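Reader: Can you take me through this one? I'd like the fold first, then some packing.

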Amino acid sequence: MTRTIAVLAVQGAFAEHEARLRELGANVVELRQAADLKQEFDGLVLPGGESTTQAKLLRELGMFDELKRKIESGLPVLATCAGLILLAKEVEGTGDLAGLDPGAAKERLAVHGFGTLDVSVERNAYGRQLGSFHAEEPWTEEARDVARAEGDEQIPLTFIRAPRITKLGAQATPIIEHDGYPVAVLQGKQLGVAFHPELDSDTRLHELFLSL
């Protein structure tokens with residue numbers, strides 16, 4: 001069955017996700033305004049970008065409440081980088097505060113996201129000096145159990161000023177880890193990823209998402 005996937009297209013790196021999904025045979029629709037939610041779709045992608053801006057636009061454009069309802073009702077969702085921050089129950093840090101009053105900046109840059117994924121994340125945790133790097137890791141043993149992931153091949157991980165998953169709740173399962181931290185987690189039909197799978201040719205994360 002051909003799946004139709006909605007990609008949040010108000011800000012950030014959504015075009016690359018669309019290309020990967022089309023490679024895998026999915027139909028893609030873009031969410032840019034509330035009227036777009038009237039379309040039928042089988043899954044949702046929350047792309048990388050700027051989480052504060054995305055959260056603000058979701059509310060201003062009248063999409064936040066309906067998408068939250070759909071996610072809580074079991075709509076499969078792939079959330080990468082900023083998207084992961086939007087899903088997280090708890091967000092630590094406020095992004096780049098250089099030159100700003102910390103008190104005012106903390107409130108201005110706070111992310112008021114969906115809060116549906118049982119994790120805590122720290123924004124921009126890898127810092128400027130490690131703002132972009134590449135690594136490779138295999139599936140965790142848990143991924144083989146909960147996600148039916150197969151094979152021992154390394155999965156490419158591209159990080160760009162990535163958030164760090166600092167705490168896992170009881171509902172979230174780590175499916176990829178790097179340097180002692182989970183970098184991809186699965187909770188029901190929510191797949192939260194700290195890196196950018198859409199920037200590599202490996203499509204296994206998108207395939208896993210489509211299988212949900």
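This is a predicted model: local features need pLDDT of at least 70, side-chain atom pairs count only at pLDDT 80 or more; totals for chains, interfaces and linings use all residues.

Reader: How many helices and strands in the chain?

Author: Seven helices and twelve strands, taken as DSSP runs (H or I, at least four residues; E, at least two) and numbered from the N terminus.

Reader: What share of the residues is buried?

Author: 51% of the 212 residues, with buried meaning under 20% relative accessible area (1.4 Å probe, protein chains only).

Reader: And the sheet, what's the strand order?

Author: The open sheet runs S2-S1-S3-S4-S12-S11-S10, with mixed pairing. Two strands pair if DSSP finds at least two bridges between them. Strands S2 (27–31) and S10 (173–178) are the edges, each pairing on one side only.

Reader: How do S4 and S12 pair?

Author: In the parallel sense, over four bridges, between residues 77–80 and residues 190–193. Leu78 has Leu191 in S12 as its bridge partner.

Reader: Switching to helices: at what angle do H1 and H7 pack?

Author: About 70°, with axes 10 Å apart, for H1 (residues 14–23) and H7 (residues 204–211). The axes are lines fitted to C-alpha atoms over the stretch in contact, and angles run from 0 to 180 degrees between N-to-C directions. H1 and H7 are therefore roughly perpendicular, a label for 65 to 115 degrees.

Reader: Which residues make the contact?

Author: His17, Arg20 and Leu21 of H1, and His206, Phe209 and Leu210 of H7; contact means heavy atoms within 4.5 Å.

Technical notes. Residues are numbered from 1 along each chain as its sequence is written. Side-chain values use heavy atoms; hydrogens and water are left out. Buried means under 20% relative accessible area, exposed over 50%, partly exposed in between (1.4 Å probe, protein chains only). Angles under 35 degrees count as roughly parallel, over 145 as roughly antiparallel, 65 to 115 as roughly perpendicular and the rest as oblique.
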